[in-house]
Amino acid sequence: MKKIVIINSSPRINGNCDILCSEFGRGAVMNEGNEVSRIDLKDIEYDFYREEQKLDELDNIAHQLIDADVIVLGTPVYFYNMSGMMKTLIDRMMPYFTQIADKDFYFILTAAVNKKEMEATAESLQGFTDSLPNANLVRVFYGNNVSQKGDVLNRSVYKEVFEAASKIL
């Protein structure tokens with residue numbers, strides 16, 4: 001069974017990204033033995049990456065990522081890119097990136113725009129995973145054309161996230 005860490009970088013409670021991250025977690029626990037933890041970055045106090053970095057909660061999160069088998073990065077798309085919270089998390093992984101090895105990754109992206117306009121965000125996130133030893137991007141989920149809270153509930157991606165997560169063994 002797998003250790004799965006879901007990182008949600010949406011600032012909106014019950015927003016579309018939040019909903020899809022929850023649905024991924026719900027699917028992942030369908031397989032007995034999977035250990036799922038979820039991190040909502042909006043609830044954590046942390047600082048930008050600096051040359052002389054003080055330890056904070058992101059250092060604890062880094063160790064969770066090191067121990068994980070599967071990592072899910074969920075972000076709303078703002079101006080063709082990931083949320084600032086997600087970018088800061090990624091930057092803060094600099095001291096740990098060689099240790100975040102041999103992981104399967106899933107990306108969950110949500111936005112009020114079309115899928116094509118979201119692909120730059122997936123490529124940007126993949127810049128992170130491409131820098132990690134033996135990282136494997138399994139799938140990108142696009143919750144596109146969703147602007148109001150709950151819009152994603154009526155999209156096929158809602159079911160796809162659950163089904164993909166339920167197959168993780």
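Y106 and F141 are both buried in this predicted model. Together with F24, these two residues make up one aromatic cluster.

**The aromatic cluster**

- A pair of aromatic rings is described by how far apart the centres are and by the angle between the planes.
- Four aromatic pairs turn up in the count.
- In the pair F24 and F141, the ring centres are 6.5 Å apart and the planes sit at 70 degrees, so this one is edge-to-face.
- F24 belongs to helix 1 (residues 16–28) and F141 to strand 5 (residues 136–143), so their pairing ties together parts that are 117 residues apart in sequence.
- Like F141, F24 is buried.
- Y106 and F141 have ring centres 6.3 Å apart with planes at 15 degrees, so the pair counts as stacked; the cut-off for stacked is under 30 degrees.
- Y106 sits in strand 4 (residues 104–110) and F141 in strand 5, so this pair links parts that are 35 residues apart in sequence.

**The largest pocket**

- Rolling a probe the size of a water molecule over the atoms shows where empty space is left.
- The largest pocket has a volume of about 190 Å³.
- It's lined by 13 residues, and the closest to its centre are R12, P76, T110, A111 and V146.
- Sorted by class, the lining of the largest pocket has seven nonpolar, five polar and one charged residues.

Note on methods
Residues are numbered from 1 along each chain as its sequence is written. This is a predicted model: local features need pLDDT of at least 70, side-chain atom pairs count only at pLDDT 80 or more; totals for chains, interfaces and linings use all residues. Side-chain values use heavy atoms; hydrogens and water are left out. On a 1 Å grid over the protein atoms alone, a cavity is a set of points where a 1.4 Å probe fits but cannot get out, and a pocket is an open set with protein on both sides within 12 Å along at least five of seven lines; lining residues have an atom within 4 Å of a point. Grid points are joined across faces, edges and corners, and a volume is the space filled by probe spheres set on the points. Ala, Val, Leu, Ile, Met, Phe, Trp, Tyr, Cys and Pro count as nonpolar, Asp, Glu, Lys and Arg as charged, and the others, Gly among them, as polar. Rings of Phe, Tyr and Trp (its six-membered ring) pair if their centres lie within 6.5 Å; planes under 30 degrees apart count as stacked, over 60 as edge-to-face and the rest as tilted. Helices (H or I, at least four residues) and strands (E, at least two) are DSSP runs, numbered from the N terminus. Buried means under 20% relative accessible area, exposed over 50%, partly exposed in between (1.4 Å probe, protein chains only).
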